[in-house]
Amino acid sequence: MRRYKTGIGQDSHRFLEEESNKKCTIAGLIFDDAPGLSADSDGDVALHAICNAISSITHVPILGRVAIELCKVQGITDSAVYLEKALETLGSHKVEHVALTIEAKRPKLQKKADEMREKIASLMGLHVDQVGMTFTSGDGLSDFGRGEGLMCFCVITVYQED
């Protein structure tokens, strides 16, 4: 028998000034049509939201304690490393599905949607069909929809065999 758990996570970051040399990283990919995100790490809102969703299941604060150690002490700013650490906290739980919604006016995310799903699937050891993504501008009602930054929500379903 399988026992399921569902986690919810969110992350958001503002864009840096256009003059910044930092690259905009989303779902492990670089987007050249937007500035980098304000964060100590690469600011990857998609991977951070997944980490937070896992933390809501495991109660291990990946973006708190673990990422701070990796980033500030060890100098690791690649959010894929944070995701790897988050996945380790799942123990015997296996990921069934991960779904993400990103709110942004820029960059144009739809053009890399398949590549983003493939990258997340690869990082998580999943089949691409286990990763869902949607995008919205929210009709410009929020800072994200007006192009001031990015926000991502994530729902993750995991299971454990009895």
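# Questions on a predicted model

Visitor: What makes strand S4 (residues 94–103) and strand S5 paired strands?

Guide: S4 and S5 run parallel and are joined by 6 bridges. Two strands pair if DSSP finds at least two bridges between them, so S4 and S5 with 6 bridges qualify. Strands (E, at least two residues) and helices (H or I, at least four residues) are DSSP runs, numbered from the N terminus. Glu-103 has Thr-136 in S5 as its bridge partner. The model is predicted: local features need pLDDT of at least 70 and side-chain atom pairs pLDDT 80 or more, while totals for chains, interfaces and linings use all residues. Residues are numbered from 1 along each chain as its sequence is written, and side-chain values use heavy atoms, leaving out hydrogens and water.

Visitor: Why are strands S1 (2–14) and S5 (131–136) said to stand at the edges?

Guide: The open sheet has 4 strands in the order S1-S6-S4-S5, with mixed pairing. S1 and S5 each have a single partner strand, so one side of each lacks a neighbour in the sheet.

Visitor: How do you know that helix H4 (residues 113–124) packs on the sheet?

Guide: H4 touches S4, S5 and strand S6 (149–161); contact means heavy atoms within 4.5 Å.

Visitor: How is Asp-44 classed, buried or exposed?

Guide: At 0% relative accessibility, Asp-44 is buried. Asp-44 lies in the loop between strand S3 (29–35) and H1. Leaving aside neighbours within four places in sequence, Asp-44 is in contact with Thr-25, Ile-26, Ala-27, Gly-28 and Ser-79.

Visitor: What makes Asp-139 buried or exposed?

Guide: Asp-139 has 73% relative accessibility and therefore counts as exposed. Asp-139 is in the loop between S5 and S6.

Visitor: What is noted about phi of Ala-27?

Guide: Most residues other than glycine have a negative phi. Phi of Ala-27 is near 55 degrees, a positive value. Ala-27 belongs to the hairpin of S2 and S3, which has 2 residues between the strands, and is buried at 0% relative accessible area.

Visitor: Which residues of the largest nonpolar core touch the most other members?

Guide: Of 45 residues in this core, they are Ile-50, Ile-120 and Met-124. The largest share, 9 residues, comes from helix H1 (residues 45–58). A nonpolar core is a set of buried Ala, Val, Leu, Ile, Met, Phe, Trp, Tyr and Cys residues joined through side-chain atoms within 4.5 Å. Contacts of Ile-120 beyond four places in sequence include Leu-47, Ile-50 and Val-131.

Technical notes. Buried < 20%, exposed > 50% of the residue type's maximum accessible area, 1.4 Å probe, protein only. Axes fitted to C-alpha atoms, helices over the stretch in contact; angles between N-to-C directions.
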